[in-house]
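Trainee: I have a model open and would like to go through it with you. Can we take it topic by topic?

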Amino acid sequence: MNSVILSGRVTADPELRKSEGDRVFTSFILAVQRQSKVPETDFPKITAYGRTAENICRCLRKNSRVIISGKVRTRNITDSEGIRRTLTEILASNWEFLDEKPNSGGSDIAEISTENATQAEQY
């Protein structure tokens, strides 16, 4: 079974981008506290596609507290210098605010924040 649930804070405002095939996506880092005697933090890369990515970019900001669920994905990439690297990331399928709902003045942000986002599209 490949299933992950993380709770943490967004380290920077997520930005919506387009892939070569014109698919929208976002990638951001989540600061996740380890539960141990000595406080430690992990910083996994979170990636989302399609409507999930659009909603994340519309609603989450730096320092937002959020729960992300999805699966671990490992893939090989070639960087700009031609060096082959292995990238491990969390492919987000669902997310939810942990902070109070924003005072949005009637916008749909609060509704989007608590929805179960659509399943991540297959890559």
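Trainee: Let me start with one side chain. Is Phe97 buried or exposed?

Mentor: Phe97 is buried, with a relative accessible area of 11%. Bear in mind that this is a predicted model.

Trainee: Which aromatic pair is Phe97 in?

Mentor: A search of the whole structure finds two aromatic pairs. One of them is Phe25 with Tyr49, a tilted pair at 6.1 Å centre to centre, with 40° between the planes. Phe97 pairs with Trp95, and that pair is edge-to-face, at 5.6 Å centre to centre and 80° between the planes.

Trainee: And Trp95, buried or exposed?

Mentor: Trp95 counts as buried, at 1% relative accessibility.

Trainee: New topic, the overall layout. How many helices and strands are there?

Mentor: The chain has two helices and seven strands. In sequence order the pattern is β-β-β-β-β-α-β-β-α.

Trainee: How much of the chain is buried?

Mentor: Buried residues are 37% of the 123 in the chain. The chain exposes about 7,900 Å², and carbon and sulfur atoms supply 46% of that.

Trainee: What does the largest nonpolar core look like?

Mentor: The largest nonpolar core has 18 residues. Leu6, Leu30, Ile46, Leu60, Val66, Ile68 and Trp95 have the most contacts inside it. At least two core residues come from each of strand 1 (4-10), strand 3 (24-33), strand 5 (45-49), helix 1 (50-59), strand 6 (65-78) and strand 7 (84-97).

Trainee: Which element gives the most to this core?

Mentor: Strand 7, with four residues.

Trainee: Take Leu30. What is Leu30 in contact with, leaving aside neighbours within four places in sequence?

Mentor: Its partners include Leu6, Ile46, Val66 and Ile68. Leu30 also contacts Gly8, Arg9, Val10, Thr11, Asp42, Phe43 and Pro44.

Trainee: Now helix 1. How many of its residues are buried?

Mentor: Seven of the 10, so helix 1 is largely enclosed by the rest of the structure. The buried ones are Gly50, Thr52, Ala53, Asn55, Ile56, Cys57 and Cys59.

Trainee: Last one: what is the mean pLDDT of the chain?

Mentor: The mean pLDDT is 85, and 81% of the residues reach 70 or more. Over residues 103-123, however, the pLDDT is below 50. That stretch has 39 contacts in the model beyond near neighbours in sequence.

Trainee: How should predicted coordinates be read where pLDDT is low?

Mentor: They should not be read in detail.

Notes. Residues are numbered from 1 along each chain as its sequence is written. Side-chain values use heavy atoms; hydrogens and water are left out. A nonpolar core is a set of buried Ala, Val, Leu, Ile, Met, Phe, Trp, Tyr and Cys residues joined through side-chain atoms within 4.5 Å. Buried means under 20% relative accessible area, exposed over 50%, partly exposed in between (1.4 Å probe, protein chains only). Contact means heavy atoms within 4.5 Å. Accessible areas come from the Shrake-Rupley method with a 1.4 Å probe; for residues, only the protein chains shown count as cover. pLDDT is the predictor's confidence in each residue, from 0 to 100. Rings of Phe, Tyr and Trp (its six-membered ring) pair if their centres lie within 6.5 Å; planes under 30 degrees apart count as stacked, over 60 as edge-to-face and the rest as tilted.
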